Amino acid sequence: RSSLDYWGLPDVELPGELANIVLINQWASDDDGGDDDDDACLRTRISFDGGARWLALPVPDDARHLCPSGGAGADDARPCALHLQLSGDGFPGAYAPGDTVGLWVALGAVGPCMPLDAAYGPRESELHTFVSRDGGASWRLAHRGMYVPEVANHGALIVLASVRAATRDVVYSADTGASWATCRVAPAANVSIDNVLTRGMNAQSFIVQGTLQGSTRGFVATMHAGAAHNSACVAPDLAGEPGSDYELWTPADAAAALLRAQPTPSSS
């Protein structure tokens with residue numbers, strides 16, 4: 001059974017620019033680590049062929065330590081997998097801007113399923129921020145804890161801001177999430193950040209919005225990422241080779257369905 005989001009709609013997400021890929025959350029059964037009596041646990045499944053086949057999300061290599069068994073969960077009667085927060089009131093959902101190809105940023109939990117609190121929302125203490133660069137076929141742990149994302153420059157620039165702890169910093173990546181750095185946006189660690197915005201797909205600047213803790217005053221800061229990402233991409237004809245800013249990506253394994261043959265309508 002598919003779960004429902006805060007608005008009573010199926011808990012489903014689609015990525016930008018990649019057809020046939022679907023993420024969905026289901027109520028977990030007893031075999032998956034859930035409880036059919038109280039629906040206290042969700043599991044995430046992904047399809048690369050428009051829903052013909054559904055697969056679990058693999059645990060990122062850098063998040064295997066988060067499995068209850070301390071590993072990949074293969075020896076557990078309830079296999080460990082990655083489960084994502086797709087939508088909901090007060091939580092960032094899985095984010096895949098339409099001008100990026102294959103990029104997804106989402107909150108998630110690692111385990112047999114995603115445990116819920118008494119209000120049927122994800123248990124915040126177990127949520128972390130994950131990034132996929134290949135349409136959901138594989139994921140990596142971007143940062144521990146809950147962060148709200150914004151993406152620019154067709155996915156090359158990603159900014160994450162903590163949404164549950166007062167801070168004066170945001171973190172950013174200039175290489176589609178492969179590495180991260182810190183940018184200070186406030187003089188003191190007393191800002192509760194609500195959102196990060198950008199102007200468009202080619203922008204290299206961001207607006208950070210929030211409030212100052214202990215007051216009703218708002219907070220707005222501008223972050224310019226041009227210095228971290230100001231060079232033109234070079235050597236497209238040498239993609240995958242040293243000295244080229246371009247990489248080759250061929251869908252493999254489950255993601256091979258991205259390039260599956262499409263049926264051609266015919267008439268007689």
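These legends describe close-up views of a predicted model. Residues are numbered from 1 along each chain as its sequence is written, and side-chain values use heavy atoms, with hydrogens and water left out. Because the model is predicted, local features need pLDDT of at least 70 and side-chain atom pairs count only at pLDDT 80 or more, while totals for chains, interfaces and linings use all residues.

**View 1. Three strands form an open sheet in the order β14-β15-β16.** Strands here are DSSP runs of E with at least two residues, numbered from the N terminus. Two strands pair if DSSP finds at least two bridges between them. The pairing in this sheet is antiparallel. β14 (191-198) and β16 (218-224) are the edge strands, and each pairs on one side only. From one strand to the next, the twist averages 25 degrees. Such angles run from 0 to 180 degrees between N-to-C directions, with axes fitted as lines to C-alpha atoms. Strand β15 covers residues 205-212 and is joined to β16 by seven bridges. One place to look is Thr-211, whose bridge partner in β16 is Gly-218. Strands of a sheet pair through backbone hydrogen bonds, either parallel or antiparallel.

**View 2. Leu-197, Ile-207 and Val-220 form a nonpolar patch on the surface.** Together they have about 240 Å² of accessible area. Areas come from the Shrake-Rupley method with a 1.4 Å probe; for residues, only the protein chains shown count as cover. Patches are made of residues with over 30% relative accessible area and no salt bridge. Nonpolar side chains (Val, Leu, Ile, Met, Phe, Trp, Tyr) are joined within 5 Å, like charges within 9 Å. Ile-207 lies in strand β15. At 34% relative accessibility, Ile-207 counts as partly exposed. Buried means under 20% relative accessible area, exposed over 50%, and partly exposed in between (1.4 Å probe, protein chains only).

**View 3. Strand β6 is largely enclosed by the rest of the structure.** Eight of its eight residues are buried. On one side sit Trp-104, Ala-106, Gly-108 and Val-110, and on the other Val-105, Leu-107, Ala-109 and Gly-111. Both faces of β6 are covered. In a regular strand the side chains alternate between the two faces of the sheet. β5 runs antiparallel to β6, and five bridges join them. Among these contacts, His-83 has Ala-109 of β6 as its bridge partner. Strand β8 (residues 128-132) also pairs with β6 in the antiparallel sense, over five bridges. There, Val-105 has Val-131 of β8 as its bridge partner.

**View 4. Cys-41 and Cys-113 form a disulfide.** A disulfide is a pair of cysteine sulfur atoms within 2.5 Å. The sulfur atoms of Cys-41 and Cys-113 are 1.7 Å apart. The link is right-handed, with 90 degrees about the S-S bond. Cys-41 lies in strand β3 (residues 41-47) and Cys-113 in the loop between β6 (104-111) and β7 (114-115), so the pair ties together parts that are 72 residues apart in sequence. Both Cys-41 and Cys-113 are buried.

**View 5. A disulfide joins Cys-67 to Cys-80.** The S to S distance is 2.2 Å. This link is left-handed, with -95 degrees about the S-S bond. Cys-67 and Cys-80 are 13 residues apart, and each lies in the loop between β4 (55-56) and β5 (81-85). Cys-67 is buried at 4% relative accessibility. Cys-80 is buried at 11%. The structure holds two disulfides. With the bonded cysteines numbered in sequence order, the pairing is 1-4, 2-3.

**View 6. Glu-124 and Arg-164 meet in a salt bridge.** A salt bridge is a side-chain nitrogen of Lys or Arg within 4 Å of a carboxyl oxygen of Asp or Glu. Here the N to O distance is 2.9 Å. The pair links distant parts of the chain, 40 residues apart. Glu-124 is in the loop between β7 and β8, and Arg-164 in the loop between β11 (157-162) and β12 (169-173). Glu-124 is partly exposed at 35% relative accessibility. Arg-164 is partly exposed at 45%.

**View 7. Asp-61 meets Arg-64, and Arg-123 meets Glu-126, in salt bridges.** For Asp-61 and Arg-64, the N to O distance is 3.1 Å. Asp-61 is exposed at 63% relative accessibility, whereas Arg-64 is partly exposed at 32%. For Arg-123 and Glu-126, the closest N and O atoms are 3.2 Å apart. The structure holds four salt bridges.

Terms used. Helix = DSSP H or I, 4+ residues; strand = E, 2+ residues; numbered from the N terminus.
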